[in-house]
Amino acid sequence: MLPIFGTLAAVAIIASGCTGGVAETTTSPVAVTLPSEPFTDAQLSAEYPSDRTVDYAPLLSNFETIKSTFPEVLVENLDMTLEINQNANEQESEMAIVDEYGDMSYTMGDALGEKLGKLYQAAVDDGRLPKTTALIHKDGGRAQSESTNPSKEYFNYPRPYLQAPEEVVHRDKADGDAYESSSGSYPSGHTNQAYWQGTLLATLLPELADQILARTSESGNYRVVMAMHYPLDIIGGRMMGQAAIAKRWADPEFRTLLQAAGDELHAVLEADCGAQLAECIAGDVPYLDPEVAAETYRDRLTYGFEQIGEADIAMDVPRLAASLLISSHPELTEIQRLRVLDLTAIDSGYPLDLSVHSTASWQRIDLLAAMEANVTIDGSGDVKIK
């Protein structure tokens, strides 16, 4: 993986002994970077091609096929929800509440590692990541996805706690209002938010994409822990959130903002940990073992549902999705990035996959595997993954 963001020399105030034990390095430790220049009002208020409103119902439309043709999948959908909700442990319940009410671009900071996560959250608290925050924050983040409300209204499916009120375990804070919503269940709005924020953060920090995307999948799963949503809602929210961020990366004008935020994030983290980012990561305690992260993320692409459609259909990769690999594989052409997504995709036929209709499938994309892929190009220009 060759991330687009290089090591930058951040302007910093030197303070001895403040690396926090992240890594042994000969670099002079630094603790506090001077504030990055924020985006101008003109940059944030400008109209970008990727501001266009998208109707996501077609992307999510296989849910209608499930409702009309595969009622047993909906039964399994509820059964799986109740199992996850009823058997959640105390830590899962607590984290579900944190992500319910918090800004997930901040609460998911723990994915960066034991030390780097704290540095990231401290930099956000101190206002030293103004570009990053302006794009990714929960309320009004400039890169945000569209609302799920139109799709919820279109599919009009009741939430688990309304469908099985006597069976769910309510998991909320004492004065919480999580269960007051009566909007439709599919797709999950919180999961859409988690995935546009988590995918954005992963593409800004491709060196930690596996950890960030695995943590993002946990945020989605916490919606099931609370019985606010079903697994199919989570899959749909993931599809929508990643498509929304792909639209941003595919927009050359908006991409300049993303790359500026990536540069800022790298500069601040490197200055605060006192070494190059790769060195900081190597000396940190990761959120998850890399193999566990990949397995966790991949499992939640399908949630263990059986294939209900034809297997082994050739993958039709959405063209926009290629843009999600710009930061992790900048050396590849768009066609080559599409091929990486093809080679790392899951099989056809799982619920919400549109391959049987010869339609591009966001459901099949394994973004973690694609961003982490060790890619080589042979003499004829063909993509090979080791």
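Which residues do ring pairs link into a cluster?

1. **Aromatic cluster.** The model is predicted. In it, Phe-63, Tyr-154, Phe-155, Tyr-157, Tyr-186 and Tyr-230 are linked into a cluster by ring pairs. The structure has a count of eight aromatic pairs. One of them is Phe-63 with Tyr-157: the ring centres are 5.3 Å apart and the planes stand at 85 degrees, so this pair is edge-to-face. Phe-63 belongs to helix α2, and Tyr-157 to the loop between α8 and α9, so the contact ties together parts that are 94 residues apart in sequence. Phe-63 is buried, at 0% relative accessible area. Tyr-157 is buried too, at 12%.

2. Is Tyr-154 buried or exposed? Tyr-154 counts as exposed, because its relative accessibility of 54% is over the 50% limit. Phe-155 is buried, with a relative accessible area of 1%.

3. The structure holds 13 salt bridges. Two of the pairs to look at share Asp-51. Asp-51 bridges to Arg-142, with the closest N and O atoms 2.9 Å apart. This pair links distant parts of the chain, 91 residues apart: Asp-51 sits in the loop between α1 (41-45) and α2 (62-69), and Arg-142 in the loop between α7 (130-136) and α8 (149-155). Asp-51 also bridges to Arg-248, where the closest N and O atoms are 2.8 Å apart. Arg-248 lies in helix α12 (residues 231-249), so this second pair ties together parts that are 197 residues apart in sequence. Asp-51 is partly exposed at 29% relative accessibility. Arg-142 is buried at 16%, and Arg-248 is buried at 6%. Shared partners join Asp-51, Arg-142 and Arg-248 into one network.

4. Glu-334 and Arg-319 meet through their side chains in a salt bridge, 3.1 Å from N to O. Glu-334 is in helix α16 (residues 334-344) and Arg-319 in the loop between α15 (290-302) and α16, so the pair ties together parts that are 15 residues apart in sequence. Glu-334 counts as partly exposed, at 29% relative accessibility. Arg-319 counts as exposed, at 60%.

5. **Helix α3.** Buried residues in α3 are Val-73, Leu-74, Asn-77, Leu-78, Met-80, Thr-81, Leu-82 and Asn-85. Their cover includes α2, α9 (160-163), α11 (209-225) and α12.

6. **Disulfide.** The structure holds one disulfide. Cys-273 is joined to Cys-280, with an S to S distance of 1.7 Å. The pair counts as a disulfide because the sulfur atoms are within 2.5 Å. Cys-273 is buried, at 0% relative accessible area. Cys-280 is buried as well, at 0% relative accessibility.

Notes:
Residues numbered from 1 in each chain as written. Predicted model: local features only at pLDDT ≥ 70, side-chain atom pairs only at ≥ 80, totals over all residues. Heavy atoms only, no water. Buried < 20%, exposed > 50% of the residue type's maximum accessible area, 1.4 Å probe, protein only. Salt bridge = Lys/Arg side-chain N within 4 Å of Asp/Glu carboxyl O. Helix = DSSP H or I, 4+ residues; strand = E, 2+ residues; numbered from the N terminus. Contact = heavy atoms within 4.5 Å. Phe/Tyr/Trp six-rings, centres within 6.5 Å; stacked < 30°, edge-to-face > 60°.
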